[in-house]
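Open the structure in your viewer and keep the selection tool at hand. This tour tells you what to pick next and what you will find there.

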Amino acid sequence: MKLTHWILALGATGLLALGAGHGYGLLATPAEASMGETGRILYLHVPTAWVAMLAFTVAFLAAIGSLWSGKATWDLSMESGIEVGMVFSVLICIQGPIWAYPTQNYWWTWDPRLTTTAIMVVAFTGVLVMRRLIHQHERRMAATAVATIVSWVNVPVVYFSVEWWDSVHQDLSQVSSVDRVMLIPLLVSLAGTSLLGTAFFLARYRVARARYLTEEVAPELPDLPEQLELEDSP
Amino acid sequence: MNGVVEGGWAYVIAAYSITWAAWAVYGVSLWLRNRQESS
């Protein structure tokens, strides 16, 4: 099966699961006991955060692989993981305030979970900027792999921040803490978002690979002088 | 603190709409970038 077929299959399955999970969560489950209707953002926010952290962890493992082996595949996987992680991280930074305002009466506060999430977004943005600025392939691979590993150290801190410090954010979601009627759409949405994230990752990898092959196989020709002159011209 | 948040559907719709729209835009951008890089 070609990569394109995998991307389409995973993306379509993910969208179907998301449609089912979100549809069920929005239309068939009761409102949450204290957050009311806004509790339905759970089925969106938790899976998005999960995929963001998963994508950054894939990038972290790929960074180790690229430093270890020096192979372009790891480097391109790292780049893809970071970009997909960024898309989902920015989304949790939008969903969070939309959920916080009606339930806690503020859009943003410098709470440990929110602050460490903001640091995560800024750090990985920095890695992507580095990749734009360094043009020599080997240097770019090594420098951004180290930067990715350093940036990833914050990811477990984001996850455990609600346990390590006093936080206004909800505690870690556990299967035992979620009512069964809410757990089913949450797990279906989690599966759908994971499949969609995987499809995005593979599609982004395909773009990175095509660009890499263009750079390596057919490097850019040097610019021609503006005015061409024949050597034996008078 | 006791009580239930009243209403709130507007926030739910906003969160879901923005997320689905962002996924759609990112998916299309990946498709276009792949087409551009492969040509």
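Start with one term: a residue is buried when its relative accessible area is under 20%, exposed when it is over 50%, and partly exposed in between (1.4 Å probe, protein chains only).

This is a predicted model, in which local features need pLDDT of at least 70, side-chain atom pairs count only at pLDDT 80 or more, and totals for chains, interfaces and linings use all residues. Residues are numbered from 1 along each chain as its sequence is written, chains are lettered from A and ligands numbered from 1 in the order in which they are written, and side-chain values use heavy atoms, with hydrogens and water left out.

**Stop 1: colour by confidence**

The mean for chain A is 90. In this chain, 92% of residues reach 70 or more. Now look at the helices (DSSP runs of H or I, at least four residues; strands are runs of E, at least two; both are numbered from the N terminus). Confidence in chain A is highest in α2(A), at a mean of 96. It is lowest in helix α6 (residues 154-164) of chain A, at 90.

**Stop 2: chain B**

Select chain B. How many helices and strands does chain B have? It has 1 helix and 0 strands. The C-alpha trace of chain B spans about 60 × 15 × 5 Å along its principal axes. Of the 39 residues in chain B, 28% are buried.

**Stop 3: the interface**

Show both chains. Select the residues in contact, meaning heavy atoms within 4.5 Å. Chain A brings 39 residues and chain B brings 23 residues. The size of an interface is often given as the accessible area lost when the parts come together. Here the two chains bury about 2,700 Å² between them. That buried area is the accessible area (1.4 Å probe) lost on putting the two parts together, summed over both. Carbon and sulfur atoms account for 72% of it.

Between chain A and chain B, 7 residue pairs are in polar contact (both at pLDDT 80 or more).

Which helices of chain A supply at least two residues each to the side that touches chain B? They are α1 (3-27), α2 (42-69), α3 (72-104) and α7 (180-217). The most comes from α3(A), with 11 residues. Colour this side of chain A by residue type: 22 are nonpolar, 10 polar and 7 charged. Nonpolar here covers Ala, Val, Leu, Ile, Met, Phe, Trp, Tyr, Cys and Pro; charged covers Asp, Glu, Lys and Arg; the others, Gly among them, are polar.

**Stop 4: salt bridges**

Side chains of opposite charge can pair when their charged atoms come close. A salt bridge is a side-chain nitrogen of Lys or Arg within 4 Å of a carboxyl oxygen of Asp or Glu.

Select A:Arg211 and B:Glu37. They form a salt bridge, with the closest N and O atoms 3.1 Å apart.

Now pick A:Glu83 and B:Arg33. Their salt bridge has its closest N and O atoms 3.0 Å apart. The pair crosses from helix α3 of chain A to helix α1 (residues 9-38) of chain B. At 21% relative accessibility, B:Arg33 counts as partly exposed. Beyond residues up to four places away in sequence, B:Arg33 touches A:Glu83, A:Arg204, A:Val207 and B:Tyr26.

A:Arg204 sits in helix α7 of chain A and A:Glu83 in helix α3 of chain A, 121 residues apart. Are A:Arg204 and A:Glu83 buried or exposed? Both are buried.

Move to A:Asp75 and A:Arg131. Their side chains meet in a salt bridge (2.9 Å, N to O). A:Asp75 lies in helix α3 and A:Arg131 in helix α4 of chain A, so the pair ties together parts that are 56 residues apart in sequence. A:Asp75 is buried at 0% relative accessibility, and A:Arg131 is buried at 6%.

**Stop 5: A:Pro112**

Finish at A:Pro112, in helix α4 (residues 112-133) of chain A. At 22% relative accessibility, A:Pro112 counts as partly exposed. Leaving aside neighbours within four places in sequence, A:Pro112 is in contact with A:Ser161, A:Trp165, A:Asp166 and A:Ser167.

Methods
A polar contact is a pair of N or O atoms within 3.5 Å; within protein, one must be able to donate a hydrogen and the other to accept it, and residues adjacent in sequence count only if both atoms are side-chain atoms. pLDDT is the predictor's confidence in each residue, from 0 to 100.
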